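User: I am new to protein models and would like to learn how to read one. Could you take me through it feature by feature?

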Amino acid sequence: MTERVALYPGSFDPPTNGHLDILSRARRLADKVVVAILENDAKTPLFSVSERIEMIREIVGGDGSTPVRSFSGLLVDFAQEVGATLIVRGLRAVSDYEYELQMALMNRRLIPSIETVFLMAKEEYSYVSSRLVKEVAGLGGDVSGLVPESVRRRLVARVASCES
Ligand code: PNS
(Lines give C-alpha, C1' and ligand atoms only; values in the text may rest on other atoms or scores of the structure.)
Protein backbone atom coordinates (compact mmCIF):
# COMPACT_ATOMS: atom_id res chain seq x y z
CA MET A 1 0.00 0.00 0.00
CA THR A 2 1.28 3.47 -0.77
CA GLU A 3 2.09 5.74 2.11
CA ARG A 4 -0.34 8.65 2.61
CA VAL A 5 1.61 11.85 3.07
CA ALA A 6 0.07 15.11 4.32
CA LEU A 7 1.62 18.55 4.37
CA TYR A 8 0.91 20.92 7.25
CA PRO A 9 2.14 24.33 6.10
CA GLY A 10 2.30 27.63 7.94
CA SER A 11 4.43 30.38 9.38
CA PHE A 12 4.57 28.89 12.90
CA ASP A 13 6.08 32.10 14.31
CA PRO A 14 5.97 30.67 16.95
CA PRO A 15 4.24 27.26 17.02
CA THR A 16 1.27 27.29 19.43
CA ASN A 17 -0.67 24.57 21.21
CA GLY A 18 -3.36 25.08 18.57
CA HIS A 19 -0.84 24.14 15.85
CA LEU A 20 0.22 21.07 17.83
CA ASP A 21 -3.36 20.00 18.34
CA ILE A 22 -3.98 20.22 14.57
CA LEU A 23 -0.75 18.32 13.95
CA SER A 24 -1.77 15.45 16.23
CA ARG A 25 -5.14 15.23 14.48
CA ALA A 26 -3.45 15.26 11.06
CA ARG A 27 -1.24 12.37 12.16
CA ARG A 28 -4.37 10.25 12.46
CA LEU A 29 -5.22 10.94 8.82
CA ALA A 30 -1.86 10.24 7.22
CA ASP A 31 1.13 7.94 7.60
CA LYS A 32 3.46 10.89 7.43
CA VAL A 33 2.79 14.58 8.11
CA VAL A 34 5.44 16.97 6.81
CA VAL A 35 5.40 20.25 8.72
CA ALA A 36 6.33 22.94 6.19
CA ILE A 37 7.51 26.37 7.32
CA LEU A 38 7.28 29.13 4.75
CA GLU A 39 10.45 31.13 4.11
CA ASN A 40 8.87 34.53 3.65
CA ASP A 41 11.13 37.52 3.04
CA ALA A 42 8.12 39.86 3.05
CA LYS A 43 7.37 39.26 6.74
CA THR A 44 9.70 40.12 9.60
CA PRO A 45 9.38 37.11 11.87
CA LEU A 46 10.21 37.03 15.57
CA PHE A 47 11.99 33.69 15.11
CA SER A 48 14.19 32.67 12.19
CA VAL A 49 13.11 29.71 10.06
CA SER A 50 15.84 27.56 11.61
CA GLU A 51 14.68 28.48 15.13
CA ARG A 52 11.12 27.55 14.22
CA ILE A 53 12.27 24.25 12.74
CA GLU A 54 14.24 23.59 15.94
CA MET A 55 11.25 24.46 18.17
CA ILE A 56 8.89 22.11 16.33
CA ARG A 57 11.48 19.32 16.17
CA GLU A 58 12.03 19.67 19.93
CA ILE A 59 8.31 19.14 20.46
CA VAL A 60 7.60 16.34 17.96
CA GLY A 61 10.92 14.61 18.69
CA GLY A 62 12.93 12.69 16.15
CA ASP A 63 9.83 10.94 14.86
CA GLY A 64 10.40 10.06 11.17
CA SER A 65 6.65 10.26 10.55
CA THR A 66 6.69 14.01 11.25
CA PRO A 67 9.57 15.66 9.39
CA VAL A 68 9.91 19.43 9.71
CA ARG A 69 11.06 21.30 6.61
CA SER A 70 11.13 24.82 5.24
CA PHE A 71 10.00 25.77 1.78
CA SER A 72 9.85 28.71 -0.59
CA GLY A 73 7.82 29.14 -3.75
CA LEU A 74 4.48 27.52 -4.37
CA LEU A 75 3.06 25.31 -1.65
CA VAL A 76 1.68 22.83 -4.17
CA ASP A 77 5.13 22.44 -5.74
CA PHE A 78 6.56 21.60 -2.35
CA ALA A 79 3.65 19.22 -1.72
CA GLN A 80 4.55 17.37 -4.90
CA GLU A 81 8.23 17.36 -4.00
CA VAL A 82 7.49 15.53 -0.73
CA GLY A 83 4.79 13.32 -2.26
CA ALA A 84 1.94 14.85 -0.27
CA THR A 85 -1.63 14.38 -1.51
CA LEU A 86 -3.23 16.27 1.38
CA ILE A 87 -2.72 19.80 2.62
CA VAL A 88 -3.86 20.28 6.22
CA ARG A 89 -4.99 23.63 7.56
CA GLY A 90 -6.52 24.52 10.90
CA LEU A 91 -9.78 26.46 10.97
CA ARG A 92 -10.68 28.50 14.02
CA ALA A 93 -13.42 31.08 13.64
CA VAL A 94 -15.51 32.03 10.61
CA SER A 95 -13.02 34.85 10.04
CA ASP A 96 -10.42 32.28 8.92
CA TYR A 97 -12.75 30.86 6.32
CA GLU A 98 -12.48 33.38 3.48
CA TYR A 99 -8.68 33.37 3.29
CA GLU A 100 -8.54 29.61 3.66
CA LEU A 101 -11.17 29.07 0.97
CA GLN A 102 -9.23 31.25 -1.48
CA MET A 103 -5.99 29.43 -0.79
CA ALA A 104 -7.59 25.99 -1.03
CA LEU A 105 -9.31 26.80 -4.33
CA MET A 106 -6.18 28.37 -5.80
CA ASN A 107 -4.09 25.38 -4.77
CA ARG A 108 -6.71 23.03 -6.24
CA ARG A 109 -6.66 24.99 -9.50
CA LEU A 110 -2.88 24.65 -9.63
CA ILE A 111 -2.83 20.92 -8.86
CA PRO A 112 -6.32 19.32 -8.75
CA SER A 113 -5.11 16.03 -7.30
CA ILE A 114 -3.97 17.64 -4.03
CA GLU A 115 -6.83 17.96 -1.56
CA THR A 116 -6.96 20.55 1.24
CA VAL A 117 -8.54 19.35 4.47
CA PHE A 118 -9.54 21.62 7.34
CA LEU A 119 -9.28 20.50 10.91
CA MET A 120 -10.65 22.15 14.02
CA ALA A 121 -8.42 22.40 17.08
CA LYS A 122 -9.79 21.90 20.59
CA GLU A 123 -12.23 24.68 21.56
CA GLU A 124 -9.79 25.94 24.20
CA TYR A 125 -7.37 26.90 21.42
CA SER A 126 -9.96 28.44 19.10
CA TYR A 127 -8.81 31.98 19.86
CA VAL A 128 -5.07 31.25 19.96
CA SER A 129 -2.89 32.66 17.19
CA SER A 130 0.85 33.18 16.88
CA ARG A 131 0.22 36.90 16.40
CA LEU A 132 -1.73 37.29 19.66
CA VAL A 133 0.66 35.09 21.60
CA LYS A 134 3.57 37.33 20.48
CA GLU A 135 1.62 40.46 21.38
CA VAL A 136 0.69 39.21 24.85
CA ALA A 137 4.22 37.94 25.58
CA GLY A 138 5.67 41.22 24.27
CA LEU A 139 3.51 43.17 26.73
CA GLY A 140 4.53 40.97 29.64
CA GLY A 141 1.42 38.75 29.73
CA ASP A 142 1.42 35.09 30.63
CA VAL A 143 1.16 32.76 27.64
CA SER A 144 1.63 29.49 29.52
CA GLY A 145 -0.87 26.89 28.35
CA LEU A 146 -1.11 28.56 24.94
CA VAL A 147 2.29 27.45 23.67
CA PRO A 148 4.54 24.56 24.73
CA GLU A 149 6.76 25.39 27.72
CA SER A 150 9.92 25.26 25.57
CA VAL A 151 8.39 27.82 23.19
CA ARG A 152 7.21 30.00 26.09
CA ARG A 153 10.75 30.19 27.46
CA ARG A 154 12.16 31.16 24.08
CA LEU A 155 9.40 33.75 23.61
CA VAL A 156 10.04 35.40 26.96
CA ALA A 157 13.80 35.50 26.25
CA ARG A 158 13.27 36.88 22.74
CA VAL A 159 10.87 39.65 23.69
CA ALA A 160 13.20 40.64 26.57
CA SER A 161 16.17 40.83 24.18
CA CYS A 162 14.11 42.89 21.71
CA GLU A 163 13.33 45.40 24.47
CA SER A 164 16.95 45.85 25.59
O1 PNS B 1 0.45 30.27 8.90
P2 PNS B 1 0.10 31.06 7.68
O3 PNS B 1 0.96 32.32 7.61
O4 PNS B 1 -1.37 31.37 7.61
O5 PNS B 1 0.47 30.13 6.41
C6 PNS B 1 0.25 30.60 5.10
C7 PNS B 1 0.87 29.65 4.04
C8 PNS B 1 2.32 29.39 4.31
C9 PNS B 1 0.10 28.34 4.06
C10 PNS B 1 0.67 30.35 2.66
O11 PNS B 1 1.15 31.67 2.73
C12 PNS B 1 1.34 29.63 1.50
O13 PNS B 1 0.95 28.55 1.15
N14 PNS B 1 2.36 30.27 0.91
C15 PNS B 1 3.10 29.69 -0.20
C16 PNS B 1 2.89 30.47 -1.49
C17 PNS B 1 1.78 29.89 -2.33
O18 PNS B 1 1.74 28.72 -2.65
N19 PNS B 1 0.83 30.77 -2.74
C20 PNS B 1 -0.27 30.40 -3.61
C21 PNS B 1 -1.35 29.58 -2.95
S22 PNS B 1 -2.65 30.52 -2.35
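**Reading the model**

Analyst: Of the chain's 164 residues, 41% count as buried. Keep in mind that this is a predicted model.

User: Which helices and strands make up the chain, and in what pattern?

Analyst: The secondary structure amounts to 6 helices and 5 strands. Along the sequence they follow the pattern β-α-β-α-β-α-β-α-β-α-α.

User: How does the radius of gyration of the chain agree with that of a compact globule?

Analyst: The general idea is to compare the chain with a rule for its length. A compact globule of 164 residues would have a radius of gyration near 15 Å; the chain has 16 Å, so the two agree. The C-alpha trace spans about 50 × 35 × 30 Å along its principal axes.

User: What share of the contacts with a separation of 6 or more joins residues 24 or more positions apart?

Analyst: That share is 75%.

User: Now the backbone. What should I look for in phi and in peptide bonds?

Analyst: Most residues other than glycine have a negative phi, and most peptide bonds are trans. Here, Phe-12 is not a glycine, yet its phi is positive, about 50°. The peptide bond from Asp-13 to Pro-14 is cis, with omega near 0°. Phe-12 sits in the loop between E1 and H1, and Pro-14 lies in the loop between E1 and H1 as well.

User: How many aromatic pairs does the structure hold?

Analyst: It holds 2 aromatic pairs. Tyr-8 and Phe-12 form an edge-to-face pair, with 5.2 Å from centre to centre and 80° between the planes. An angle over 60 degrees counts as edge-to-face. The rings of Phe-71 and Phe-78 have their centres 5.4 Å apart and their planes at 15°, so this pair is stacked.

User: Are Tyr-8 and Phe-12 buried or exposed?

Analyst: The cut-off for buried is under 20% relative accessible area. Tyr-8 has 4%, so Tyr-8 is buried. Phe-12 has 3% and is therefore buried. Phe-71 and Phe-78 are buried too.

User: Where does Thr-16 lie, and what is Thr-16 in contact with?

Analyst: Thr-16 lies in the loop between strand E1 (5–10) and helix H1 (17–29). Thr-16 counts as buried because its relative accessibility is 2%. To see what a residue meets beyond its own stretch of chain, set aside its sequence neighbours. Leaving out those within four places, Thr-16 is in contact with Val-128, Ser-129, Ser-130, Val-133, Leu-146, Val-147 and Pro-148.

User: Ser-129 is in that list. What does Ser-129 touch in turn?

Analyst: Not counting residues up to four places away in sequence, Ser-129 touches Thr-16 and Arg-92. Ser-129 is located in the loop between strand E5 (115–120) and helix H5 (130–138). Its relative accessible area is 14%, so Ser-129 is buried. A polar atom of the Ser-129 side chain lies 3.1 Å from the backbone nitrogen of Leu-132.

User: Is Glu-54 buried or partly exposed?

Analyst: Glu-54 has a relative accessible area of 43%, so Glu-54 is partly exposed. Glu-54 lies in helix H2 (residues 49–60), and its side chain makes a polar contact with the side chain of Arg-154 at 2.7 Å. Distance along the chain and distance in space are separate things to read. Glu-54 and Val-68 are 14 residues apart in sequence, and 8.6 Å apart in space from C-alpha to C-alpha.

User: Which residues surround the ligand?

Analyst: The ligand is surrounded by Gly-10, Ser-11, Leu-38, Lys-43, Phe-71, Gly-73, Leu-74, Leu-75, Arg-89, Tyr-99, Met-103 and Asn-107. Phe-71 also belongs to the stacked pair with Phe-78.

User: Where do polar atoms of Ser-11, Leu-75 and Arg-89 lie relative to the ligand?

Analyst: Take each distance with the part of the residue it involves. A polar side-chain atom of Ser-11 lies 2.5 Å from an oxygen atom of the ligand. For Leu-75, a polar backbone atom is 2.8 Å from a ligand oxygen atom. For Arg-89, an N or O atom in the side chain is 2.9 Å from an oxygen atom of the ligand. On its own the ligand has 560 Å² of accessible area, and the protein covers 76% of that.

Methods:
Residues are numbered from 1 along each chain as its sequence is written. This is a predicted model: local features need pLDDT of at least 70, side-chain atom pairs count only at pLDDT 80 or more; totals for chains, interfaces and linings use all residues. Side-chain values use heavy atoms; hydrogens and water are left out. Rings of Phe, Tyr and Trp (its six-membered ring) pair if their centres lie within 6.5 Å; planes under 30 degrees apart count as stacked, over 60 as edge-to-face and the rest as tilted. Buried means under 20% relative accessible area, exposed over 50%, partly exposed in between (1.4 Å probe, protein chains only). Helices (H or I, at least four residues) and strands (E, at least two) are DSSP runs, numbered from the N terminus. Contact means heavy atoms within 4.5 Å. A residue is near a molecule or strand if one of its heavy atoms lies within 4 Å of it. A polar contact is a pair of N or O atoms within 3.5 Å; within protein, one must be able to donate a hydrogen and the other to accept it, and residues adjacent in sequence count only if both atoms are side-chain atoms. Accessible areas come from the Shrake-Rupley method with a 1.4 Å probe; for residues, only the protein chains shown count as cover. The radius of gyration is taken over C-alpha atoms; the globule rule is 2.2 Å times the number of residues to the power 0.38.
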